[in-house]
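The report below is written to be read alongside the sequence and the coordinates. It moves from one chain to the contact between chains, and then to individual side chains.

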Amino acid sequence: MNATGVGQIVKVALSLIVFALLWQAACYVFSVPTFLVPAPSDILLRLFEKGGLYLTHTWVTFYETLLGFAFAVLGGCLAAAVIVVVPALRDVIMPLLLIAQIVPKVAIAPILLIWFGYGLAPKVLIAFLIAFFPVVVNTTQGLISVEQELLELGQSLKATRWQIFWKFRVPTALPNLFSGMKIAITLAVIGAVIGEFVGGNRGLGYLIIIANQELDTPLAFAAILVLSVGGIILFWMIEIAERYLVPWSSTGDANIEMARQ
Amino acid sequence: MSSPKPAIEVADLCKTYVVRGAATAALDRLSFSVAPQEFVSLLGPSGCGKTTVLKIIAGLTAPTEGIVKLEGHTVLGPRADVGMVFQTPALMRWRTAIENVLLPAEILSLDLRKFRGRAKDLLDLVGLSDFINKLPNQLSGGMQQRVSIARALVHDPSILLLDEPFSALDAMTRNQLNVELLRIWSERKKTSLLITHSIPEAVFLSDRVVVLTARPAKVMDIVEITLPRPRTPDMRVSPTFINLVDRLGRLIGLEFA
């Protein structure tokens with residue numbers, strides 16, 4: 001971590017603290033009822049009172065998220081590879097993908113529940129469905145964006161299709177895959193929560209629904225806080241992986257630039 | 001230069017592109033030849049189809065009519081004994097300089113352990129011995145183009161095809177790389193065909209210059225470069241050099257008039 005990165009983190013932390021303090025002050029000055037808008041202190045209190053409860057529900061939600069995300073990445077890469085390697089299938093797959101993307105996942109969630117029950121499967125499926133598209137689109141874009149002259153070099157050396165795919169296309173697509181994965185992970189969290197909203201008895205989404213029914217707004221806010229922090233941590237993990245696995249990508253360039261200064 | 005068997009022989013080459021039903025001629029009965037170990041430049045205005053000629057010679061595109069022979073064999077597809085240098089360095093951003101240089105050996109399934117030493121020698125030859133483990137984005141544009149020259153030589157091709165390799169570089173780097181290319185050529189003696197629209201570059205490097213007309217490209221003239229070898233940078237101000245540049249300039253200028 002370099003000095004610029006540390007400075008960035010300090011700035012973000014400071015602005016968050018200032019925001020929380022203003023919020024706290026506003027709740028106190030205007031005596032806002034806790035069930036309407038709880039003060040940050042109420043939320044934190046609730047969070048620590050029920051630590052164990054959050055751990056269980058957090059684990060459930062992020063388990064669903066990661067499973068859906070993993071399937072989205074695997075399926076997305078596979079679909080992108082098929083689209084690029086067999087261009088004839090492109091016109092078949094793309095419209096299907098677009099339809100699957102356009103159908104609102106919130107609308108089909110209840111149907112998926114009827115089909116797959118109230119367990120893990122429908123949540124993972126919704127997370128998968130919602131996270132799949134950005135992976136396919138970005139990875140396909142990456143696989144086809146090999147420099148024309150580099151492809152000609154390959155052709156002039158009589159490279160096989162296999163070599164062109166693995167040595168030329170796949171490494172070119174890695175930065176795009178990571179862009180897709182960063183979008184996908186945030187969407188997968190949303191997908192899992194939607195699944196829990198519609199039906200279930202576990203997970204942070206379920207916790208939010210229960211809290212709302214009981215007008216326990218601090219509990220709902222605390223669940224949202226955990227959800228957001230968890231989502232951000234997952235996003236960061238992908239970013240860190242990207243920095244190590246594709247140091248040549250655009251973010252990698254920025255790192256080299258920073259190191260030079 | 002009347003060798004019995006030319007290294008590159010181009011005979012009556014025509015290329016016509018059909019775009020939305022309308023045929024456009026890019027090349028019009030182009031003929032010339034390059035002797036073994038000779039350095040020939042194709043000089044012509046931008047967009048006259050020079051790159052098309054190179055692609056046909058490399059076997060990447062088929063001609064509409066005419067024939068290309070490399071060392072007596074008709075070109076029907078790509079051949080591994082040709083090295084190519086492009087306008088852009090076209091390096092793999094995820095590979096270090098030496099891994100980029102080794103790419104042709106890798107594609108041709110050659111013994112990489114043996115070629116590693118050779119790749120190092122070549123990076124040494126292009127003056128990058130201190131940069132063998134750098135990624136392309138850590139190298140300057142001129143350095144990247146040097147890597148791509150080393151890459152074109154790694155599988156020891158007998159023919160080197162250069163498609164305006166220095167046109168994206170600044171004038172100073174360009175002159176410097178011209179001198180280096182000259183040195184590399186005199187050390188390795190590859191049959192070389194350079195595409196350029198820089199007259200001084202063509203004169204400085206070549207044994208002969210094939211002057212092409214604007215689209216559709218025809219051979220306007222073939223000019224023998226009478227500068228003695230080995231050539232040195234100070235020859236750029238010699239009367240012979242200036243006369244040749246002037247003569248070629250008039251040839252190309254005439255076409256535009």
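What follows describes a predicted model, beginning with chain A.

## Chain A

The secondary structure of chain A consists of 11 helices and zero strands, so that its elements, read from the N terminus on, run α-α-α-α-α-α-α-α-α-α-α. Taken along the principal axes, the C-alpha atoms of this chain fill a box of roughly 75 × 55 × 30 Å. Chain A has 261 residues, of which 41% count as buried. Among its contacts with a separation of 6 or more, 75% are between residues 24 or more positions apart.

## The contact between chain B and chain A

Chain B contributes 24 residues to the contact and chain A contributes 20 residues. Between them the two chains bury about 2,200 Å², with 63% of that area on carbon and sulfur atoms. On the side of chain B, the residues that lose the most area to chain A are Phe86(B), Trp94(B) and Ile107(B), which together account for 29% of what that side buries.

Polar and charged pairs also occur across this interface: six residue pairs are in polar contact, both residues being at pLDDT 80 or more, and two salt bridges are found. One of the salt bridges joins Lys167(A) to Glu106(B), with the closest N and O atoms 2.7 Å apart. Helix H2 of chain B, residues 97-107, supplies the largest share of the side of chain B that touches chain A, namely four residues. By residue class, that side of chain B divides into 13 nonpolar, five polar and six charged residues.

Which residues does Gln163(A) contact, leaving aside its neighbours within four places in sequence? They are Lys158(A), Phe168(A), Glu106(B) and Ile107(B). Gln163(A) is placed in helix H8 of chain A and is buried, its relative accessible area being 13%. A polar atom of the Gln163(A) side chain lies 3.1 Å from the backbone oxygen of Ile107(B), the latter residue being one of the three that lose the most area on the chain B side.

## Nonpolar cores

The largest nonpolar core has 82 residues, and those with the most contacts inside it are Tyr54(A), Ile8(B), Phe32(B), Ile57(B), Leu161(B) and Leu193(B). Helix H8 of chain A, spanning residues 161-198, gives the most to this core, with 10 residues. Not counting residues up to four places away in sequence, Leu193(B) touches a set of residues that includes Ile8(B), Phe32(B), Val34(B), Val40(B), Leu42(B) and Leu54(B); Ile57(B), Leu160(B), Leu161(B) and Leu162(B) are also among them. A second, separate core of 50 residues includes Phe39(B), Leu43(B), Val126(B) and Leu205(B).

## Salt bridges

Side chains of opposite charge can pair when their charged atoms come close. Over all chains, a search of the whole structure finds 21 salt bridges, including those in the table.

| Salt bridge | N to O distance |
|---|---|
| Lys167(A) and Glu106(B) | 2.7 Å |
| Arg46(A) and Glu49(A) | 2.7 Å |
| Arg46(A) and Asp216(A) | 2.4 Å |
| Arg183(B) and Glu180(B) | 3.6 Å |

Arg46(A) takes part in a salt bridge with Glu49(A) and in another with Asp216(A). Arg46(A) and Glu49(A) both lie in helix H2 of chain A, residues 40-49, and are three residues apart, about one turn of the helix. Arg46(A) counts as buried at 17% relative accessibility, whereas Glu49(A) is exposed at 54%. Asp216(A) lies in the loop between helix H9 (204-213) and helix H10 (217-245) of chain A, and so its pairing with Arg46(A) in helix H2 ties together parts that are 170 residues apart in sequence. Asp216(A) itself counts as buried, with 13% relative accessibility.

In chain B, Arg183(B) and Glu180(B) both lie in helix H5, residues 171-188, again three residues apart, about one turn of the helix. Arg183(B) is partly exposed, with a relative accessible area of 35%, while Glu180(B) is buried at 15%. Both residues belong to one network, in which salt bridges that share partners join Arg146(B), Glu180(B), Arg183(B) and Glu187(B).

Notes:
Residues are numbered from 1 along each chain as its sequence is written. Chains are lettered from A and ligands numbered from 1 in the order in which they are written. This is a predicted model: local features need pLDDT of at least 70, side-chain atom pairs count only at pLDDT 80 or more; totals for chains, interfaces and linings use all residues. Side-chain values use heavy atoms; hydrogens and water are left out. Contact means heavy atoms within 4.5 Å. Buried area is the accessible area (1.4 Å probe) that two parts lose on being put together, summed over both. A salt bridge is a side-chain nitrogen of Lys or Arg within 4 Å of a carboxyl oxygen of Asp or Glu. A polar contact is a pair of N or O atoms within 3.5 Å; within protein, one must be able to donate a hydrogen and the other to accept it, and residues adjacent in sequence count only if both atoms are side-chain atoms. Helices (H or I, at least four residues) and strands (E, at least two) are DSSP runs, numbered from the N terminus. Ala, Val, Leu, Ile, Met, Phe, Trp, Tyr, Cys and Pro count as nonpolar, Asp, Glu, Lys and Arg as charged, and the others, Gly among them, as polar. A nonpolar core is a set of buried Ala, Val, Leu, Ile, Met, Phe, Trp, Tyr and Cys residues joined through side-chain atoms within 4.5 Å. Buried means under 20% relative accessible area, exposed over 50%, partly exposed in between (1.4 Å probe, protein chains only).
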